[in-house]
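Hi everyone, thanks for coming. I'd like to walk you through one protein model today, so please have a look at it while I talk.

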Amino acid sequence: MRRTRILTAVLALAAGLLAGTPPALAAAGAPKAALAADTYTWKNARIDGGGFVPGIVFNRSEKNLVYARTDIGGAYRWQESTKSWTPLLDSVGWNEWGHTGVVSLASDQVDPDRVYAAVGTYTNSWDPTNGAVLRSADRGASWQKADLPFKLGGNMPGRGMGERLAIDPHRNSVLYLGAPSGKGLWRSTDSGATWSQVTNFPNPGTYQQDPSDTTGYASDNQGIVWVTFDESTGSAGSATKTIYVGVADKDNAVYRSTDAGATWTRLAGQPTGYLAHKGVLDARNGYLYLAYSDKGGPYDGGKGRLWRYATATGTWTDISPVAETDTYYGFSGLTVDRQHPGTVMATAYSSWWPDTQIFRSTNSGGSWTKAWDYTSYPDRSNRYTIDVSSSPWLTFGANPSPPEQTPKLGWMTESLEIDPFDSSRMMYGTGATIYGTENLSAWDSGGTFTVKPMVRGLEETAVNDLAAPPSGGAQLFSALGDIGGFRHTDLTKVPSMMYTSPTFTTTTGLDFAESDPDTVVRVGNLDSGPHIAFSTDNGANWFAGTDPSGVSGGGTVAAAADGSRFVWSPDGAGVQYTTGFGTSWSASSGIPSGAIVESDRVDPKTFYGFRSGKFYVSTDGGATFTASSATGLPSGDSVRFKALPGARGDIWLAGGAADGAYGLWHSTDGGASFTKLSNVEQADTIGFGKAATGASYQTLYTSAEIGGVRGIFRSTDKGATWTRINDDAHQWGWTGAAITGDPRVYGRVYIATNGRGVIYGDTSDTSGGGGDGDGGTTPDPAPAGACAVTYKITNQWSDGFQADVQLTNTGSTPWSDWSLGWSFPNGQKITQLWNAGHTQSGPAVTVKNVSWNGTVAAGSSVAFGFTGSWSGLNGKPASFKLGEKTCSTA
């Protein structure tokens, strides 16, 4: 994949996501709605990877304890038993969506249960909150937060450098954090609970990718980029004396303290003219290795060097594997084999064409071998083979000419790590996946090592649109940033390929014909070529349409109910319409450029549009639009609307901003008028799914604030009452791009996230019915038994565990409030509990509902979860009581 393609896609993705960032919440005091509750199981529609992984961290004292950080999609922990990753930051909520960007991560080798994450996505105004350091004593199962007085940039230039966050290996209550934006070096002496600036650190950094960038994105000072301790200069319980710090300053890149941070000096004799992306210390042999580039990355970098610093003598040695004149890339991905510290590896992270390069030395950089080399140009000889059968789309459907190959060895390879316990295992991050090998030792013996994706469970796509057709082989169509999108025929399996013919870098919108779901259309961004594509076989195969003049980006698109025509609102051109499959287009009149367009799901000649507070209607197939007289709609363009399948002129509109109209509106007269739902404070998406048993209207889904609570909500009674179906442990940051229910499966909902891929949920209410509330009345009487409890331990480690509890109303009357009690049999203690309140006295625990989940209809369930501590045994409670009545247990 060419550099320009990825670079354009990512920068466009950043701009596009920021344009749709969640507005600030409305003022407190809004009326609270009575909410029911339901228990959902949440999973990802499998894609496996899909985004940049800038950091991989192995714990150096416990085998198989590995973490990965992503730039917009949170952090993950490796599960060796399943060879998969577990997401750790799904609890990040709407207001702090920026905390899904992880700029650095540190795993404590003194106490392996402890892990830290420095979070924040952007350092400029795009991110509404400051950064924070999250700390966990249970390997990321739960977190505590220390807010910082500055922003952090998990998705900013330079994010592949690091690690900026480091734990003192001898006194693990001491941590250091390198800050961007000229904020300097920071230190915590209480295990990350509080932070203060190291005021005597002499250099906050000087390097900016592009000082002329007025947005603040490329012009931010990349700051202090890594911290490395020399563990040979300390002992257990005492602060390590020698610390090295990397600074984004081409003339002054490395500093050192030899008195545990009391004083700092520029390292004498160091190279200049480059930025030190990584600084990795081999304490056994007394070498500090440094990977340099002329740029901050992760995309750019045209020259680079590798250097070795002898810590005892102060001698600098250029150990670069190629001459400086032969580099067209910078170096990064630096790692040392802890079992054999003379073995060092590094990557040519910014070698976009024909491939990335990986270098390996077994004599401390005295000589090097390459992962691949030319035999006779353009032919290559590889020391590796790549098996992408688990993620076949990584070929990108390409058929490149030599010396380029597919699948590529990688790009943006800023992080490469050898397992400190297993010299044969290596993992490295790319712009789309984590690759790894478990037979790396074959490199040195003259054989070939096998590279495979090691990314299962790590889902890092940004989702722009979703569509679930009522029939056909496709369960779900997705429009994604960077990798285009997929047709899922099985949510539990990785699709064989993203959309091709053409392959968009980013798909911005898609639609299908409601009465003919074999007809599908998608629009997106592409460096050169068409921006629209069609399918007549339910998305299995595609062909390109023809662009109208001036099109520069995908925009939004709508298919007529019968697939006979299309309306397209592309970037760079006004709204267009066509009959057939886009061989020629005509300009629509009466609707402004940039409008969002949708189709009526019954009348094939009716289309709708919205722009800047005005709703538009066409009844002649998109040729002409007329502005509706509807008033009171949001004045901005942060709006999503959809027409209901099976009902002519039935439209739902969500969106707005905190400083104006914001909420959910409904029209039953084709947009001539809209009624705002009084029980929804804010709403950002709307979607429809299969109706509940006995219901006369399709199920509604929205990402919204209802009853003072932000979440994902469902209504089976046309919006009269709502059920929150997610919980505080499953929030996924920003979920404002798209949502849809499944027209074939009651209760199933698909949620677009900004970096955690496509989330889908299934309800525990297998009856496909039950109410979503009682319209706000107070049920009577209070619960007095007739209950069932399921208690499930979902994760367990050396001294901690996580459990989920489901409480079901098995009686015939609803509950207005509930209180569940039990006693732990082995002295367990709850450390954190979500979706309810709790008290604990000795072994006795009492859990009570919170404001939004006290109402539980007959036959419905409520769920909560918690983390706790244990020792010796971790037995389940023998019984549970609702009030004075004992519940049955599963």
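Predicted model: local features only at pLDDT ≥ 70, side-chain atom pairs only at ≥ 80, totals over all residues.

Let's start with charges. A search of the whole structure finds 26 salt bridges.

Take Arg-425 and Glu-80 as one example. They form a salt bridge, and their closest N and O atoms are 2.9 Å apart.

Now, are the two partners buried or partly exposed? Arg-425 has 3% relative accessibility, so this residue counts as buried. Glu-80 comes out at 24%, so this one counts as partly exposed. The cut-off behind that is 20%: buried means under that value.

Glu-80, Lys-83, Asp-419, Arg-425 and Glu-438 are linked in a network of salt bridges.

Here is another salt bridge to find on your screen: Asp-90 with Arg-756, where the closest N and O atoms are 2.7 Å apart. Again, distant parts of the chain are linked. Asp-90 is in the loop between E6 and strand E7 (102–107), Arg-756 is in the loop between strand E59 (749–752) and strand E60 (758–763), and 666 residues separate them. Both Asp-90 and Arg-756 are buried.

Arg-601 forms a salt bridge with Asp-511, with 3.2 Å between the closest N and O atoms. Arg-601 lies in the loop between strand E45 (596–599) and strand E46 (607–611), Asp-511 belongs to strand E37 (residues 506–513), and the two are 90 residues apart. Arg-601 has 9% relative accessibility and so counts as buried. Asp-511, at 6%, counts as buried too.

Next, a covalent link. A disulfide is a covalent bond between the sulfur atoms of two cysteines. How many disulfides are there here? The count comes to 1. Cys-787 is joined to Cys-887, with an S to S distance of 1.9 Å. The angle about the S-S bond is -95 degrees, and the link is left-handed. Cys-787 lies in strand E61 (residues 787–796) and Cys-887 in the loop between strand E69 (885–886) and strand E70 (888–889), so this bond ties together parts that are 100 residues apart in sequence. As for cover, Cys-787 is buried, with a relative accessible area of 5%, and Cys-887 also counts as buried, at 5%.

Let's move on to strands. Strands of a sheet pair through backbone hydrogen bonds, either parallel or antiparallel. Please find the open sheet of 4 strands, which run in the order E15-E16-E17-E18 with antiparallel pairing. Which strands are at the edges? They are strand E15 (224–229) and strand E18 (265–266), and each pairs on one side only. E15 and strand E16 (residues 243–247) are antiparallel and share 5 bridges. Across that pairing, Val-227 stands opposite Val-245 in E16.

There is another antiparallel pair to look at: E34 with strand E35 (residues 476–480), joined over 4 bridges. Here Val-463 stands opposite Leu-480 in E35. Strand E34 (residues 463–467) is mostly covered, with 4 of its 5 residues buried.

I'll finish with two tryptophans. Trp-352 is in the loop between E24 and E25, and Trp-353 is found in the loop between strand E24 (344–347) and strand E25 (358–361).

Trp-352 is 52 residues from Asp-300 in sequence, and their C-alpha atoms are 9.5 Å apart in space. Trp-353, for its part, forms a nonpolar patch on the surface with Tyr-374 and Tyr-377. Together these three have about 340 Å² of accessible area.

Terms used
Residues numbered from 1 in each chain as written. Heavy atoms only, no water. Patch = residues over 30% accessible without salt bridge, like charges linked within 9 Å, V, L, I, M, F, W, Y side chains within 5 Å. Areas by Shrake-Rupley, 256 points an atom, 1.4 Å probe, with all protein chains shown as cover. Salt bridge = Lys/Arg side-chain N within 4 Å of Asp/Glu carboxyl O. Pairing = 2+ DSSP bridges. Disulfide = S-S within 2.5 Å. Buried < 20%, exposed > 50% of the residue type's maximum accessible area, 1.4 Å probe, protein only.
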